[in-house]
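Morning, everyone. Please have the sequence and the structure open while I talk.

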Amino acid sequence: MNQPRQFRWLWAGQSISNLGDALYLLAIVTIVYKLTGSALFSSLVPLARVAGQLACGAAAPIVMDRWPLTRLIKLSQLLQVLLFLMLLLAVRGLTEDGIGYVLVLIGLLSFTDGITTPVRNALVPRYAGKKQLLRANGLMSTTDQIVMMAGWAAGGIIVAWLGASPVLNATLGIYAAALFMTLRLREPEGAGTGEGAKADGGVAAASGTKADVDGAAANGAKADVDGAVASGAKAEAGVAAASGMKADVDGAAASGTKADAGVRKEADARSDAGAEWSESAQAQRRGGSGTKLENGAWASIQEGWRNIWRNPVLRLIFFIETIEGTVSATWIGALLLVYATEQLGSGTQWYGFINAGYFAGCIAGGLLVVAFTRRLSRQPALSIAAGAGLMGLFTLAFAWTTAPLLALALVVLMGPPQQLREVTRRTVFQKVCPPEQLPKVMSAENTLVYSLFGLSVVLLSWMADRWGVGAVYAMAGLFYLTTAILTALFRHRIDAAAREADAAEAAAEAQAAAG
């Protein structure tokens, strides 16, 4: 790795912060539910979080033009500690009249946290280096799954055992530890500082699982507090199913260029796009000298989307992500609970078993990706297509089975192909997207993910009521198979883009060594 120590600080800091996100949301949902006895009121907690993250997705490109990435992530972590301290004070002696204030604080917390995802995703490749990028992503993804299992599953048991208030107090310590680790980050080597530094490409490149946990789970699935159902937290946890915290989806993947002759065209396109980015950034900084600030801000917001549209492979990957995003809520707790009770005819404990089984499969899949990094790097398109194809087949089988043990086995088997698809696709995305464009492209991707998840929750819930939960999983399986076919059809573009990025990285390293 280029800067292994810095990568470790980033990895540890964000993992701990994600654990804090999961614990505090579960605790707040529990408090609100016990106070009001209303699932509707409780569901406003995850809704406030999603609203804050969406607002941040729109504003993030503006501040990225003006601040170095490490400064942004440090400021974000500091504000989270301060806002969480205010939240901690607000929930003491909370009454129904004070719930609105708590929701505003959660929205602000989520707003400050929302920018850490694209920033983290932009720092990982700089710290890890492209040769170790797949390995770094695998480690990040595996850690995210472990954190989510600890936060959402074990967290339900802890809240039921100790109560919400002690968990919130412990979460403050968790956020403080995350801040300590984040403050040790330094700007990546070769990256500039200040407003204009990004124009020369020094801002960094990307990766990340967002961990999100942004509260999230790979495949949009498990970042719901429903895991607490099996551990005694009852229906209050269920409302967090709509939380929209999708990890990883935290994370995205893409690539660009055509095979063979197209490789040169892609390199030229990158240079042109980088030049356009530089001109845009400079125009924004000129602000008062002929360019209105409002226009500059709007240009910053649009920039990530325009970069995606100009890059044919990024455009392809975003189309694929849009297809999968339409069914991203397939694995939320509300639907899994319906599946376990209605289709399997089992008790709620089987929801807990299925939830834990999926996490276990994802952890195993992440470890396999790390173990076979070199082999997977040779044919990334094949890895992505195989992962999506297997995921589709297992999901179709899951849709029609009525045997609890078979359903459990299927979700365990889904973990490795899910991780194979997500981690490899994210790595290709980071390699292909020019470093100076990546933060805003990742910000646009996060906005897409959260928006589609919200739409997916409504759409799939309606489908489950109308045609049954099996139809939801059947549609999801078909959508995964569709993305597998699309990836296979455009595999030459993806592989060529990855090879070009590796060659450029090797040439840059050779030049640096010679210099």
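Predicted model: local features only at pLDDT ≥ 70, side-chain atom pairs only at ≥ 80, totals over all residues.

One definition before we start.

Helix H16 covers residues 380-400. Helix H17 covers residues 404-432. They pack at an angle of about 155°, and their axes lie 8 Å apart. That angle is over the cut-off of 145, so H16 and H17 are roughly antiparallel to each other. Their crossing is left-handed.

Who makes the contact? From H16, the residues include Pro380, Ser383, Ile384, Gly387, Met391 and Phe398. From H17, they include Ala407, Leu410, Met414, Arg421, Arg425 and Val428. By type, the contact of H16 with H17 has 16 nonpolar residues, five polar and two charged.

Ile384 sits in helix H16. Is Ile384 buried or exposed? Its relative accessible area is 3%. Buried means under 20%, so Ile384 is buried. What does Ile384 touch, beyond its neighbours up to four places away in sequence? Arg421, Thr424, Arg425, Val428 and Thr487. Now look along the chain. Ile384 and Ala484 are 100 residues apart in sequence. In space, their C-alpha atoms are 7.3 Å apart.

Helix H19 runs over 469-489. H16 and H19 pack at about 160°, with axes 7 Å apart. Use the cut-off of 145 again: H16 and H19 are therefore roughly antiparallel to each other. This crossing is left-handed. The contact of H16 with H19 divides into 18 nonpolar residues, seven polar and no charged.

Next, a pair that crosses at another angle. Helix H14 covers 349-371. The axes of H14 and H17 come within 7 Å and cross at roughly 35°. The crossing of H14 and H17 is right-handed. On the H14 side, the contact includes Trp350, Phe353, Gly357, Gly361, Gly365 and Gly366. On the H17 side, it includes Pro404, Leu408, Val412, Gly415, Pro416 and Val423. The count by type is 16 nonpolar, seven polar and no charged.

On to the cores. How many residues are in the largest nonpolar core? It has 33. The residues with the most contacts inside it are Trp331, Tyr339, Phe398 and Tyr473. Which elements give two or more residues to this core? H13, H14, H16, H17, H18 and H19. H19 gives the most, with seven residues.

Leave out residues up to four places away in sequence. Tyr339 then touches Leu344, Ile354, Phe398, Thr401, Ala407, Val469 and Tyr473. Notice Phe398 and Tyr473 there. Both are on the list of residues with the most contacts inside the core.

There is a second, separate core of 32 residues. Leu23, Val32, Ala48 and Val102 are among them.

Gly138 is found in helix H6, residues 133-162. Its relative accessibility is 0%, so Gly138 counts as buried. Setting aside neighbours within four places in sequence, Gly138 is in contact with Gly366, Val369, Val370 and Val423.

Gly52 is in helix H2, residues 39-64. Gly52 has 6% relative accessibility, so Gly52 counts as buried too. Gly52 touches Gly107, Ser110 and Phe111, not counting residues up to four places away in sequence. Gly52 and Leu105 are 53 residues apart along the chain, and their C-alpha atoms are separated by 9.7 Å.

Last one: Ala504. Its place is in helix H20, residues 491-514. How accessible is Ala504? Its relative accessible area is 43%. That falls between the 20% and 50% limits, so Ala504 is partly exposed. Ala504 and Lys431 are 73 residues apart in sequence. From C-alpha to C-alpha, they are 9.9 Å apart in space.

To recap the helix pairs: H16 is roughly antiparallel to H17, and H16 is roughly antiparallel to H19. H14 and H17 cross at roughly 35°.

Key: Residues numbered from 1 in each chain as written. Heavy atoms only, no water. Axes fitted to C-alpha atoms, helices over the stretch in contact; angles between N-to-C directions. Helix = DSSP H or I, 4+ residues; strand = E, 2+ residues; numbered from the N terminus. Parallel < 35°, antiparallel > 145°, perpendicular 65-115°, else oblique. Left-handed = near helix turned anticlockwise from the far one by under 90°. Contact = heavy atoms within 4.5 Å. Nonpolar A, V, L, I, M, F, W, Y, C, P; charged D, E, K, R; others polar. Core = buried A, V, L, I, M, F, W, Y, C linked by side-chain atoms within 4.5 Å. Buried < 20%, exposed > 50% of the residue type's maximum accessible area, 1.4 Å probe, protein only.
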